[in-house]
Amino acid sequence: MATQQTRLLGKLAVAPSVVVLFLWMIVPLALTIWFSLLRYNLLDPGNESFVGFLNYEYFLTDPAFFAALGNSLKLVFAVLAISIIGGTLLALLLDQAIVGRNIVRLMVIAPFFVMPTVSALVWKNMFMHPVSGLFAWLMKSVGLEPVDWFAQYPLTAVIIMVAWQWLPFATLILLTAIQSLDEEQKEAAEMDGAPPLAYFFYIVLPHLARPITVVILIETIFLLNVFAEIYVTGTGGPAGNLPYLVYFQGLLNFDVGGASAGGIVAVVLANIVAFFLIRMIGRNLEG
Amino acid sequence: MARAVSLRRRTVATIAAWAIGFLIFFPILWTIITSFKTELEAFSTPPKFLFFEWTTENYGIVQERSNYLRFVSNSLILSIGSTLVALLFAIPAAWAMAFAPGKRTKDLLMWMLSTKMMPPVGALIPVYLIFRDMGLLDSRGGLIAVLFLLNLPIIVWMLYTYFKEIPGEILEAARMDGASLWKELVYVLAPMAVPGIASTLLLNIILAWNEAFWTLNLTTSAAAPLTAFIASYSSPEGLFWAKLSAASTMAIAPILVLGWFAQKQLVRGLTFGAVK
Amino acid sequence: MGTIVLKDVQKRFGDVVIIPGASLAIENGEFIVFVGPSGCGKSTLLRLIAGLEDVTAGEIIIDGADAAQLAPAKRGLSMVFQSYALYPHMSVRNNIAFGLKMAGMPKPEIEAKVTKAAQTLNLTDYLDRKPRQLSGGQRQRVAIGRAIVRQPKAFLFDEPLSNLDAALRVQMRLEIMQLHQTLGATMIYVTHDQVEAMTMADRIVVLNKGNVEQVGSPLDLYNNPDSLFVAGFIGSPKMNFISGEVAGQYKAQTIGVRPEHIALSSQSGAWEGTIALAEHLGADTFLHIDTKAGGRLTVRAAGEYDQGPGAKIWLTPEKNRIHRFDQNGRTIKNAA
């Protein structure tokens, strides 16, 4: 609904953003695809040769790939489970008539704003250190043997750190969603005599279905890309995920071809998730 | 609405919420407390919670030894710079999408969003090589460009959802009143969108400040922001807990404050307007 | 001056035809109302005149000059929007002054004009308030004030009263009519409410699917509708339509009789029926009567009608008030 003149101005106004984003998306992707078909090692420059799908073959048959893929998936599922279930419960709790709710909410969402490298080092050293960490002290004071988290359960340790950052995100979004629940609907349910559990399952949960889906999809995108926590804690060996493996292959082993093949695998994985997310948000755009 | 909730229920909920909130916040609190200890006390078993010799020496040492302020200024330049550049691109784009939409506007928005789905590892190798060949590794300019592109879709989206809430009739009224497009944007749209633009700015500074994939991989020292600086504590300085804590506290404090202010916008920005 | 002439104005969005071709001549000082159901193109036509949309083809001649390609502000028209479209961040004073500022008028002159407009509209006490601090009616007045100060060739109103409650709507209706008398300016007013159209207009333009269905004075449209559509749209309660055998007796596809043009009797008449529902309005009673001849018919009875649901009743239409329509919905002239 506008005149031709405004529409023309509109096109001019959108163009710069579209052009730079297009380049940002297509150039690296095309190069990655191209590199993934080459034998290309940074230590052996000038000797690149076309090898077809050989890199994929190596990459996909490498046990490290399956370990990394497994770690990627475990990390995503574990953190999702913790943040969705915990976030829903926490959001319900914070929706109650609580004294000082605003302060509690600030405390709960704070971890989301902590940069990943800080979170990784604080957890690794001050909490999970096998001798002087706070966890070790807690376990010793109740007479248990301290756990050496990063030696014994590296992936679990990473999951704890990452979940600590994403639980607040889920809580914040679900709390916002719960608070948008129509007051009259609550009162109608009360008039209908719905007990708390029925109220939760028949009124609250259906209302949360959409925000929960959004949280799942968005967290999945970010969780597939977790890197700093693994990089900084040095758990790349036992707990490395796909992004770490690509980094390791490319920038530490200088195998550009293999790393690129890994990158493309990661892109395919992410696209499967993105497909659903985009459709989901697109539908919201209609409504 | 205003109804009495039983005192018992209220008490139980309040205690539970404060307990859980405190637990979740504790790692941050612990970091802040530790930053005021001496290294010796930081290590002590059993740990000292409040009763120790409070000192601020760690903050001085962190600055002295590693030129902390340089990393802070890099973080500031990178996050604010990339956000401002992105606003420059995004404000006209969002205006057009909200007020002069074409047939493909929705597809365009969706497509912009989809670029955000691209995992960075898919682009890491070529971007790294391009940066190396162009001498952009460890340069602020190169990193600003990357962070700008990384956050541009979110900025366009957020502004779009804010602009959408401004009735088009008001802009038309301005047109009837004889305002040119420029005056329409400056005198009418911008003042009405100030809260939206401000929260977009805020959220994106937070995201850029905490970005830790590209900043770790594309910088070494000259352009390194706080994320990279903290990462350098991973070994063996990580054993100096008090200093690690001081550095961490300084790295997260400003963004924590901004984040608390931006809570509401955060929900909207990160869910692309799907949850408000 | 303020004459507006539309010559075969057309509007298409891609393949969708909104206005196939509208022609109309509006005299200086006239109060013209565009009326029609939602989606009939009345707002689009107004926006074409305002210049907020491009015409696909045709001419819009304002005071003798073709304005179809001019920017909105260059046409010398003012518009009052449905949502008022006040600038929320500006005071009432600045809202009213904005157009004058854009035109580069000197400050003292602006001040004088704003003061005068505020007096006319009883807004003097509110000049320093923000729009959100005003009531619906006051906002409406500010929107009108913004239109007045520019001394336009014509005022365009886009459903300006639809956001007000019923009582306020009647009051603002009177105020706008008063304003029209005071200013003597050309006004084009869009509404879907036929009561507003009947009470305010010098001439009504009835639109249907983008076509100008009929143009005429309110009573002209009421008494001599050109088509079934106009007959059904103008008048409240709606005209009764009967087709089939009864219409055949009048050599028409369909006949129409207004509820107020049917006489009731408990003994005899043309059509027999049973009262189904009765709506008591005090001054009138609307009876909904099930008849064999024409299904459910509405009849307006003066005062309080004493028969209730279930009562047998006879209906007789006033002979010279029967409207006849052919199979295309056009009126058949010459009474039978």
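Modeller: Two residues are in contact if their C-beta atoms, placed from the backbone, lie within 7 Å. Bear in mind that this is a predicted model.

Colleague: How many residues of chain A are in contact with chain B, and with how many residues of chain B?

Modeller: The contact rule uses C-beta atoms within 7 Å. By that rule, the count on the side of chain A is 88 residues, and their partners in chain B number 87 residues.

Colleague: Which helix of chain A gives the most to the side that touches chain B?

Modeller: The side of chain A that touches chain B has 69 nonpolar, 17 polar and two charged residues. With 18 residues, the element that gives the most to this side is helix α1 (residues 4-36) of chain A.

Colleague: What percentage of the residues of chain A count as buried?

Modeller: A residue is buried if 20 or more other C-beta atoms lie within 10 Å of its own. Among the 287 residues of chain A, the share that counts as buried is 45%.

Colleague: Is A:Arg39 buried, partly exposed or exposed?

Modeller: A:Arg39 lies in strand β1 (residues 38-39) of chain A. Leaving aside neighbours within four places in sequence, A:Arg39 is in contact with A:Glu48, A:Ser49, A:Val51 and A:Gly257. Buried needs 20 or more C-beta neighbours and exposed needs 12 or fewer. A:Arg39 has 17 inside 10 Å, so A:Arg39 counts as partly exposed.

Colleague: How far apart in space are A:Arg39 and A:Lys186?

Modeller: In sequence, A:Arg39 and A:Lys186 are 147 residues apart. In space, taken from C-alpha to C-alpha, the separation of A:Arg39 and A:Lys186 is 63 Å.

Colleague: Now chain B. What distance separates the centres of domain 1 and domain 2 of chain B?

Modeller: The elements of chain B are 13 helices and zero strands. The domain assignment divides chain B into domain 1 (7-58) and domain 2 (68-270). Taken over C-alpha atoms, the centres of domain 1 and domain 2 of chain B are separated by 32 Å.

Colleague: How many residues of domain 2 of chain B are in contact with domain 1 of chain B?

Modeller: Domain 1 of chain B brings ten residues to this contact. They divide into three nonpolar, five polar and two charged. From domain 2 of chain B, the number of residues in contact is eight.

Colleague: What is the distance between the end C-alpha atoms of helix α4 of chain B?

Modeller: Helix α4 (residues 68-99) of chain B has 32 residues. At 1.5 Å a residue, α4(B) should span 46 Å. The value from the model agrees with this: 45 Å.

Colleague: At which residue does α4(B) have a kink?

Modeller: The kink is about 30 degrees and lies shortly before the proline B:Pro92. The residue in α4(B) is B:Ala90.

Colleague: Which helix supplies the largest share of the side of chain B that touches chain C?

Modeller: The contact takes 14 residues from chain B and 16 residues from chain C. The side of chain B has eight nonpolar, one polar and five charged residues. With six residues, the largest share comes from α8(B).

Colleague: How far apart are the C-alpha centres of the two domains of chain C?

Modeller: Chain C has nine helices and 18 strands. Its domain assignment gives domain 1 (4-230) and domain 2 (237-325). The C-alpha centres of domain 1 and domain 2 of chain C are apart by 38 Å.

Note on methods:
Residues numbered from 1 in each chain as written. Chains lettered and ligands numbered in written order. Predicted model: local features only at pLDDT ≥ 70, side-chain atom pairs only at ≥ 80, totals over all residues. Helix = DSSP H or I, 4+ residues; strand = E, 2+ residues; numbered from the N terminus. Nonpolar A, V, L, I, M, F, W, Y, C, P; charged D, E, K, R; others polar. Expected span 1.5 Å × (residues − 1). Bend = angle between axes of the 7 residues up to and from the residue. Domains from an automatic or database assignment.
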